[in-house]
Amino acid sequence: MRLARTRRTLIAALFALLALLTPTTAHATTAAAGHLPLRHTPGEIVTLPVRDALAELTVADESRAGYSRDKFKHWTDADKDGCNTRAEVLLQEAVTAPEVGPKCALTGGSWYSPYDDQYIDDARKLDVGHLGPLAEAWDSGASAWTPKEREAYANDLDDPRALIAVSAASNRSKADKDPAEWLPPYAGYWCTYVTNWVADKLRYQLSVDPAEQTALAQRLAACPDQPITVTYAH
């Protein structure tokens, strides 16, 4: 009886030791492999602190080889209501609703551009920008997607972070740059910007390059480690 109890005690101690060692070992293996997190399935929902979300992203060099904006069919009219994706975003984000005319022509209305902290009362002075530019998405993994998957990315109305109405000047200043190269002119929006950037990358399981990862980590260190909820789209 005493021998059996001693054996059970030793086995329990062994499992406890393994439980303590496993997280460290797993972390070391992940780091040694260049950070290759588990893949997730479309429709899966996750909520986690943004800094943990950043740690979930694969770090890899990027390649622009073969990129063309035409490979992302965009500004489609998925629900066939006469308003394309660009117009849908303008309608959703309007501070003062515009009037909708034939062929979804918008007149009047006003919008807030958080990139540069400006109110704009003319839709023609606005761009609807992809939070993660199309070229950046291509560099980060979308080059391997199907045309339909790239179309879904370019017209994503299911996550309000994916597309944003901002001043044309600020959006064109951003162009296809990532946060290592560009941040919004309005510093009060930086934390929201990098938090949403991480959420967008996680949603589509896109990679970040080393400079991008460093820039995001440094910026997020000065921001609240707020939880983000992401529905995987890819």
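Residues are numbered from 1 along each chain as its sequence is written, and side-chain values use heavy atoms, with hydrogens and water left out. Because the model is predicted, local features need pLDDT of at least 70 and side-chain atom pairs count only at pLDDT 80 or more, while totals for chains, interfaces and linings use all residues.

**Helix H7**

Helices are DSSP runs of H or I with at least four residues, strands are runs of E with at least two, and both are numbered from the N terminus. Threonine 195 belongs to helix H7, residues 190-203. Buried denotes under 20% relative accessible area, exposed over 50%, and partly exposed the range in between (1.4 Å probe, protein chains only). Threonine 195 counts as buried because its relative accessibility is 3%. A polar atom of the threonine 195 side chain lies 2.8 Å from the backbone oxygen of cysteine 191.

Aspartate 200 is also placed in H7. Aspartate 200 is buried but has no salt bridge, and the nearest side chain of opposite charge, that of arginine 203, is 5.7 Å away. A salt bridge requires a side-chain nitrogen of Lys or Arg within 4 Å of a carboxyl oxygen of Asp or Glu.

**Nonpolar cores**

A nonpolar core is a set of buried Ala, Val, Leu, Ile, Met, Phe, Trp, Tyr and Cys residues joined through side-chain atoms within 4.5 Å. The largest such core has 24 residues, and those with the most contacts inside it include Tyr193, Val198 and Ile228. At least two residues of this core come from each of strand S1 (45-49), helix H2 (50-56), strand S7 (163-167), H7, helix H8 (210-220) and strand S8 (227-231). The greatest contribution is that of H7, with six residues.

Another core, of 14 residues, lies apart from it and has Ala87, Val89, Cys104 and Leu163 among its members. Alanine 87 is located in helix H3, residues 85-93, and counts as buried because its relative accessibility is 8%. Alanine 87 and valine 128 are 41 residues apart in sequence, with a C-alpha to C-alpha separation of 8.7 Å.

**Contacts**

Contact means heavy atoms within 4.5 Å. The table leaves out residues up to four places away in sequence.

| Residue | Residues in contact (within 4.5 Å) |
|---|---|
| Threonine 195 | Val50, Leu220, Gln226, Ile228 |
| Aspartate 200 | Leu131, Gly132, Tyr153, Ala162 |
| Isoleucine 228 | Val46, Thr47, Leu48, Val50, Ala53, Arg161, Thr195, Val198, Ala199 |
| Alanine 87 | Cys104, Leu106 |

How values were computed: Polar contact = N/O pair within 3.5 Å; in protein donor to acceptor, adjacent residues only side chain to side chain. Lys, Arg positive; Asp, Glu negative; His and termini not counted.
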